[in-house]
Amino acid sequence: TWPGKAADVVRLDYDRRRRRRMDLVGHGGLAFLLDLAKAPVLAGGDGICLEDGRIVAVEAAAERLLEVACADGRALARVAWHLGNRHLACEIGDGTLYIRYDHVIADMVMGLGAAVRDIERPFHPEGGAYSHDAAPNLLSDGQPAHTHHDHGHAGRRPPQDDGV
């Protein structure tokens, strides 16, 4: 959490929540440059700390997804294997998988016996086996952990101890 009220809010899809440098404009009109040393993995509820100490809240934007379900765990694991074999970003839910909409992939997983539903909601895929999903500059009690960036900090909540 951060002290006080957020100065503005940006709504970002999954790809934009992983960018290290971009111009952003909040819903209230606050414009700023996100300029980080490393690409973060921001989630809805995270905050970006600006140079002047104001916090811009991050919302995860809804995206067109496919919800994939199977009759049993073995069938779902088989579908997950095929999705992973194609290096597709995938969110794992309780008995379901979520992937970005792709009609070709939808046909493939239906051919494997899965039920597919076209939905729209925020996308939170798993990090890769070698990824480090914790953002490099955490906010702790409203204070940035690092202050070496020129234009803004990405912060995650709740803070995680990743040795930084």
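Author: Start with S6 and S8, which pair in the antiparallel sense over five bridges. This is a predicted model: local features need pLDDT of at least 70, side-chain atom pairs count only at pLDDT 80 or more, and totals for chains, interfaces and linings use all residues. Residues are numbered from 1 along each chain as its sequence is written, and side-chain values use heavy atoms, with hydrogens and water left out.

Reader: Why are S6 and S8 called paired?

Author: Two strands pair if DSSP finds at least two bridges between them. S6 and S8 have five bridges, so they are paired. Ala69 has Thr96 in S8 as its bridge partner. Strands themselves are DSSP runs of E, at least two residues long; helices are runs of H or I, at least four residues long; both are numbered from the N terminus.

Reader: What makes S7 and S8 a pair?

Author: They have two bridges, antiparallel. The definition asks for at least two, so S7 and S8 pair. Ile92 stands opposite Leu97 in S8. S7 and S8 also form a hairpin with three residues between them, and Gly95 in the turn has a positive phi of about 75°.

Reader: Why are S7 and S9 called edge strands?

Author: The open sheet has four strands in the order S7-S8-S6-S9, with antiparallel pairing. S7 and strand S9 (115-122) each pair on one side only. For S9, the pairing is with strand S6 (residues 62-69), over eight bridges. There, Val68 stands opposite Val116 in S9.

Reader: Which helix packs on the sheet and touches S6, S8 and S9?

Author: Helix H2 (residues 103-111) does. Its direction makes about 135° with that of S9. Axes are lines fitted to C-alpha atoms, for helices over the stretch in contact, and angles run from 0 to 180 degrees between N-to-C directions. H1 lies across S6 and strand S8 (96-100), at about 25° to S8.

Reader: Why is Thr96 called buried?

Author: Buried means under 20% relative accessible area, exposed over 50%, partly exposed in between (1.4 Å probe, protein chains only). Thr96 has 12%, so it counts as buried. Thr96 touches Glu67, Val68, Ala69, Leu76 and Glu91, leaving out residues up to four places away in sequence; contact means heavy atoms within 4.5 Å. In S8, four of the five residues are buried.

Reader: What makes Thr96 and Tyr98 a polar contact?

Author: Their side chains are joined at 3.3 Å. A polar contact is a pair of N or O atoms within 3.5 Å; within protein, one must be able to donate a hydrogen and the other to accept it, and residues adjacent in sequence count only if both atoms are side-chain atoms.

Reader: How do you know that Asp8 has no salt bridge?

Author: A salt bridge is a side-chain nitrogen of Lys or Arg within 4 Å of a carboxyl oxygen of Asp or Glu. For buried Asp8, the nearest side chain of opposite charge, Arg54, is 7.7 Å away. Lys and Arg count as positive and Asp and Glu as negative; His and the chain ends are not counted. The Asp8 side chain does reach the backbone nitrogen of Leu30 at 3.0 Å, and that of His27 at 3.1 Å.

Reader: Why is His87 called exposed?

Author: His87 has a relative accessible area of 74%, so it passes the exposed limit. His87 is found in the loop between helix H1 (73-85) and strand S7 (91-92). Its phi is positive, about 55°, although it is not a glycine. Most residues other than glycine have a negative phi.
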